[in-house]
Each structure stands twice: as structure tokens, then as C-alpha cells.
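Please open the model in your viewer and keep a selection tool at hand. The stops below say what to select next and what is there.

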Amino acid sequence: MAHMKYFYELTISSSPHVHGPVTTQTIMRDVLIALAPALLGSVYFFGFRALVMTLVSAAACVFFEWAYCKLMKKDCKVYDMSAVVTGVLLSFVCPVTIPYWMLIIGDFFAIIIVKMLFGGIGRNLVNPALAGRAFLFSWPVAMSTWVAVGYENAFGIFDSVTVDTVTAATPMGIMHQGSMEGIRISDLFFGNIGGCIGETSALLLLIGLAYLLIRRVITVRIPLAYIGTVALLAFLFPQGGNDRFAWMAAQVFGGGLMLGAIFMATDYVTSPVTHLGQIIYGIGCGVLTILIRYFGGYSEGVSYAILIMNCCAVLLDRLGSPKKFGAPKKEVSGR
């Protein structure tokens, strides 16, 4: 019998190959839902200008991504809502007093420079929202002017002129001096403090964490390793002779730790994917946060700690990657 040859055409697409109901859009939708309690809290604490800031920032990020894709004649995927999440998060890490034009410049930097010029979603090296915040510190006064909570927004919705009589020091600024004078843990937990609009209430952010865990959008490894490391180091090394437990609670609930550990450090693109890598990554973020808070010139270290560890994500994945079963060990050179 003559041998018959069959030729099959195999088409291989880019990963992932497993189809399921989870998409980038559904993930980003869940993240936005998890951020909703903190957004409502920001309106309650800082007035409707916080809501307008968030909407303006989200709209600007969507526009910049759409405009870049149109200009470069690329497939536009703003419907995946990743730009919306970036805009919301960037507004969350800004004070309510920041001018809109400045916030929009931060949006431009986050979307165009950090995200799109590196290839778009999935290819950026660092978290766009945090990079945008770091860039906005080109205007340090605007990024460090805090309004006292409960002042019913003296700046209105469109006015961003600051008023000395309503500005207030943040708890992180006070603790940077080794003091806890006037700081109540309950205020830190519920959000009755000055600070960036989306980071003040630990309770509302923890509600968002619970939602993300229930929806299995993230795992607990990175937030637990990050927050646990900060808590441990703060407990072991309190400053200013303060009570260990009070100092630890203030460091955990104060500043942007909860927002950063839950929504920033867990970014799929810029964090490790291996289990061990995620744990080391979280610990590294915690150590750097404490070092910057204790010894840096800036009272808050969450943003820069995460950005630094973003650059180490690939290396941490190599350290945490499982060994192939049965694979021979590499020979040590010189033996």
C-alpha cells in the first residue's frame, strides 16, 4: 500500500490558551467596584471636589490612551477599562487641593510615557498611577498641601486656591518627627484625617480587599506580606518612645499603606507571578516603606517602595520559579 501523507496546519496564538469568563475588562470592573467604598468615603471626608477629580482623571486617562492609539494607528482597547483604573488610582493618591490641569499632566505621564510608549497594557515596567504620582512631585507644594477633614471643601468644585486656615498636617508628617501627638488610631482606621483623597480610611480599603479576595481577583500573599512586614518592623522599632502597639497600628493604618498594598502592589503587570516571588516582593515593599518613613526626607514611603520593587519583579520570579522535576542540577564552574 502506498504510504499516504497527511498535512495538518497548526495555528498557534499568543498565550493564554485557556478560555474562561475572566477578562481584563471583568478584572478592572471588579477593581473599580472594590475602589467604590473609598471613593464614597473621599466625597464624605473632602467634599464633591474629590469625586470631580476622580472623574476628570479617569476621563483624561481614557482620552490619552485613545488619542495615542489613533495617532499611532494601533488597535484601541480603552474598553478594557485599565485606563479608567489608572485614572482613579492616580486621583486617589493626590490631595484634594491639586489643580485639575496638574492632575491631567500626571495622567498624561502615566498613560503615554509609562504605559503606551512601553507597548501598552501588560508591558509597562512600573505601576502607571504611582509613576504619575512620583512625576507630580515636580510640584512639591501642590502635592503636599492637605485640607482638614470636615471643612466642607473650602475650595469648591472648581477652585483650587488653598486657604491656610483649613490646611492640616497629616499623621505621617507628625510621625515622621517621632511623635504621635494628636493622632488617634480610630481616626486613622475610619478616615477622619487629612491626606490623599483615597487613602485615608483603612476600613473602606479593607472592604475593597475583602471584595477582591472573594472575587479571586488577587490573593492575600502580597498584601499580607507587605502589611505584615510594616507591622513587624514598626512593632520592633518604635520611634520617639511611643507605645509599640500604638506605633504599629499608626504605621499600618496611616498613610497610603492600605491603598498601596491592596491596589498598587498587586498590579498583575508589575508584580511577580510566582508564590515565593510575591512573598519576597511584599516583604521588600514593607522593608523599603519603613526605611523611607524612618530615614527619608519624605514622610511617606509606599509609592517609592512599590516602584522600586516593580523593577525587581522579573528577578523575583526567577528566584521563585519551581524547578523542573527530574532536571539535572547545573554543574558549578571549576568542578
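Select Met81, which is partly exposed with a relative accessible area of 23%; buried means under 20% relative accessible area, exposed over 50%, and partly exposed in between, with a 1.4 Å probe and protein chains only. Met81 sits in the loop between α2 (48-71) and α3 (82-92). Helices are DSSP runs of H or I with at least four residues, strands are runs of E with at least two, and both are numbered from the N terminus. The phi of Met81 is near 70°, a positive value in a residue other than glycine.

This is a predicted model, in which local features need pLDDT of at least 70 and side-chain atom pairs count only at pLDDT 80 or more, while totals for chains, interfaces and linings use all residues. Residues are numbered from 1 along each chain as its sequence is written, and side-chain values use heavy atoms, with hydrogens and water left out.

Arg216 is not a glycine, yet its phi is positive, about 60°. Its relative accessible area is 75%, so Arg216 is exposed.

Now select helix α4 (residues 100-115) and helix α5 (residues 128-136), whose axes come within 8 Å and cross at roughly 130°. That makes α4 oblique to α5. Axes are lines fitted to C-alpha atoms, for helices over the stretch in contact, and angles run from 0 to 180 degrees between N-to-C directions; under 35 degrees counts as roughly parallel, over 145 as roughly antiparallel, 65 to 115 as roughly perpendicular and the rest as oblique.

To see where they meet (heavy atoms within 4.5 Å), show Met102, Ile105, Gly106, Phe109, Ala110, Val114 and Lys115 in α4 together with Pro128, Ala131, Gly132, Phe135 and Leu136 in α5.

Rings of Phe, Tyr and Trp (its six-membered ring) pair if their centres lie within 6.5 Å; planes under 30 degrees apart count as stacked, over 60 as edge-to-face and the rest as tilted. Trp101 is in helix α4 and Trp139 in the loop between α5 and α6 (171-175), 38 residues apart.

Finish at Phe63, Phe64, Trp66 and Phe108, which ring pairs link into a cluster.
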